[in-house]
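Student: I'm new to this structure and would like to learn how to read it. Could you take me through a few features, one at a time?

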Amino acid sequence: MIRIISALLIGVAALVPAGAGAAGPIRLADDAPDSHVVVSGDTLWGISGKFLREPWRWPEVWRLNREEIRNPHLIYPGQIVVLDRNGPTLKLGKRIGGTDRPLYEKRFPQIYSEPARTAIQSIPLRAIAPFLSEPLVVNDVEDAAAGIVVATQEGRVFTSPGDTIFATRIDPEITNWNVYRKAKPLKDPVTGEVLGFEAAYLGQARVSSGAGVLVPDAAGGATDSAREGAPIPASLIVTSFKQEIGKGDRLLPAGRPELPSYVPHAPEQEVSGRVVSIYNGVGGAGRHNVVAISVGKRDQIEVGHVLALHRNRGETVYREDNVGPAQRYKLPEQRYGLVFVFRVFERLAYALVMESDGPATVADSVRKP
């Protein structure tokens, strides 16, 4: 049983408007229904899209404050979302009429219990599940301190689940480790600044014995290598893998995946960033593809932020009547889509393309919507 404080169920005035700075009034979708019964597979984005032309402005019609955005009281399959067109606002209600003329009863703040159920997510979890723990973005400092695979079981070139690997710089108090191979630098497409390294996720390994233990020889003394001060690497068992693991690959502590429970919302501050890369190296990203963007924690970006994509149209040169001096013009950017930030690093973030009129490409701009 779980206890849910249903402050979300009423349209209380926001202490800090979630959509502060959002332009224009809330616009309802042309065919917005009066209500919607939540079903398994729904998302906060998808439900709000049934009622609103701009789904990311969900917190404004729910009148959520800042804390509720970051720790939302999520809704569950079987509940009914009711639209009050006078606000407009969205509330949860309970059906009290017949099927011919359904009526809805307003739900007041209360504490109640119900069987544990899985709350719906902000965005389609299946589209980003692999990215919650991989790929990894590491900086030079993290990479320099990472563990290193120095040997494999029986000298194998590559290993697979169940095999043993040996690594240095392993804290024996940390059990699970991500194994990666630093793949490529992620650079700001305008300044050329290296923002981090996108590491190819190889798999996970579990510590089976710690480093620093002296290995005795047959006579009961320490081995030659131990007597000479050679370090003893830690032993780890490969528990899962996507690619083969070999000597020289790196390890970092494996954290628990962070599920994107934040409600979609616009950042309060202005944002100016670029698309740095399209995951998997494809030329352009469409709906439900993942992109890396050049803003992160240092820019106050957080999980749940919705950013607008603007196409970089470049420049053109024009010479009137083919005579006289040539004039160079920078073409205006064109807004063409939205992305939802679901994983944030210090100087980078991963975002899922939610809406797009065309493919997102490297160097396109991301802005506050």
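Student: Let's start with charges. How many salt bridges does the structure hold?

Tutor: The general idea is that side chains of opposite charge can pair when their charged atoms come close. Here a salt bridge is a side-chain nitrogen of Lys or Arg within 4 Å of a carboxyl oxygen of Asp or Glu. By that rule, the structure holds 13 of them. Keep in mind that this is a predicted model, where local features need pLDDT of at least 70 and side-chain atom pairs count only at pLDDT 80 or more, while totals for chains, interfaces and linings use all residues. Residues are numbered from 1 along each chain as its sequence is written, and side-chain values use heavy atoms, with hydrogens and water left out.

Student: Which residue forms a salt bridge with R85?

Tutor: That's D34, and the closest N and O atoms of the two are 3.0 Å apart. R85 sits in the loop between β3 (80–84) and β4 (89–95), and D34 in the loop between β1 (2–5) and β2 (35–37), so the pair ties together parts that are 51 residues apart in sequence. Those labels come from DSSP runs, numbered from the N terminus: strands (E) have at least two residues, helices (H or I) at least four.

Student: Are R85 and D34 buried, partly exposed or exposed?

Tutor: Look at relative accessible area: buried is under 20%, exposed is over 50%, and partly exposed is in between (1.4 Å probe, protein chains only). R85 has 43% relative accessibility, so it counts as partly exposed. D34, at 49%, is also partly exposed.

Student: What about E60 and R57, buried or exposed?

Tutor: Both are buried. They form a salt bridge too, with 2.8 Å between the closest N and O atoms.

Student: And which partner does K91 have?

Tutor: K91 pairs with D84, their closest N and O atoms being 3.6 Å apart. K91 counts as buried because its relative accessibility is 17%, whereas D84 is partly exposed at 30%. Elsewhere, salt bridges that share partners join E193, R298, D299 and R347 into one network.

Student: Now strands. Which strands are joined to β14 by bridges?

Tutor: Two strands pair if DSSP finds at least two bridges between them. Strand β14 (residues 272–278) has six of its seven residues buried. Three bridges join β14 to β21 (residues 365–367), running antiparallel, and S272 stands opposite R367 there. Another three link β14 to β15 (residues 290–293), again antiparallel; in β15, I293 is the bridge partner of V275.
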